[in-house]
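The tour below goes from one selection to the next and says what is found at each stop.

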Amino acid sequence: MSMDKTSFELFVEGVQTMGLPIWVGVAVAITIFVIELKLVGKGLLLSRSERKRDNAIKRGHVVTGNLVHFSRLSYDDRSSYCIGTYEYEIDSYKGKKRILVYSSACKPQLLLYYGENPKKVFSDYDVSGCSVTLMVYLVPLAAAVFVVKLMGFNP
């Protein structure tokens, strides 16, 4: 019979030596993460560009852009991009919008959105939730570190 400890037993032993501050920090991080996910799910936690798109949709500032020219870029076997030029018309103004698409092919039509100025259109490819995604992960982590330090844990 072997006297070696299992990985789980070593994990439990390690957690027990860390003490209460670590457990409280983990609980705080999980709680904040769940709250943020619920806010994102309800649409209350949106990036500025997502709000801008939603406002354009509410006001009916949506137009279809038609693909008139495209070129493909490929950096390696896994990554290919398409740069498409889309024409659109708003009232009597005719414009063009170049869009970088992370795909091997450009769509023949795209929805374009605009605010007060029809010369400044944007698409879903311009809308990025990166800052929100980053915040959803970093805020719980920062809160956990803050609570652990506040409770006096020093490794």
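Which residues are linked in a network of salt bridges? Select Arg-53, Asp-54 and Asp-124: these residues form the network. A salt bridge here is a side-chain nitrogen of Lys or Arg within 4 Å of a carboxyl oxygen of Asp or Glu.

Before going further, note that this is a predicted model, in which local features need pLDDT of at least 70 and side-chain atom pairs count only at pLDDT 80 or more, while totals for chains, interfaces and linings use all residues. Residues are numbered from 1 along each chain as its sequence is written, and side-chain values use heavy atoms, with hydrogens and water left out.

**Stop 1: the network**

Stay on Arg-53 and show its contact with Asp-124, where the closest N and O atoms are 3.2 Å apart. Helices (H or I, at least four residues) and strands (E, at least two) are DSSP runs, numbered from the N terminus.

Next, show the salt bridge of Arg-53 with Asp-54, at 3.6 Å from N to O. Colour these residues by accessibility, where buried means under 20% relative accessible area, exposed over 50%, and partly exposed in between (1.4 Å probe, protein chains only). Arg-53 is buried at 19%. Asp-54 is partly exposed at 27%, and Asp-124 is partly exposed at 38%.

**Stop 2: another salt bridge**

Select Lys-96 and Glu-87, which form a salt bridge with the closest N and O atoms 3.9 Å apart. Lys-96 is exposed, with a relative accessibility of 57%, whereas Glu-87 is partly exposed at 36%. The count of salt bridges in the model comes to 4.

**Stop 3: the sheet**

Switch to a cartoon view and select the strands. They form an open sheet of 5 strands in the order β3-β2-β1-β4-β5, with antiparallel pairing. Two strands pair if DSSP finds at least two bridges between them. β3 (93–101) and β5 stand at the edges with a single partner strand each, so one side of each is left without a neighbour in the sheet. From one strand to the next the twist averages 40°, with axes taken as lines fitted to C-alpha atoms (for helices over the stretch in contact) and angles running from 0 to 180 degrees between N-to-C directions.

Now take the pairs in turn. β1 and β2 (residues 80–90) are antiparallel and share 8 bridges; select His-69 to find Thr-85 of β2 opposite. Between β1 (residues 62–74) and β4 (residues 109–114) there are 5 bridges, and Thr-64 stands opposite Leu-111 of β4. β4 and β5 (residues 121–123) are joined by 3 bridges, with Tyr-114 opposite Val-121 of β5. The hairpin from β4 to β5 runs through 6 residues.

**Stop 4: the disulfide**

How many disulfides does the structure hold? It holds 1, a disulfide being a pair of cysteine sulfur atoms within 2.5 Å. Select Cys-82 and Cys-106, whose S to S distance is 1.8 Å. The link is left-handed, with -110° about the S-S bond. Cys-82 lies in strand β2 and Cys-106 in the loop between β3 and β4, so the pair ties together parts that are 24 residues apart in sequence. Both cysteines, Cys-82 and Cys-106, are buried.
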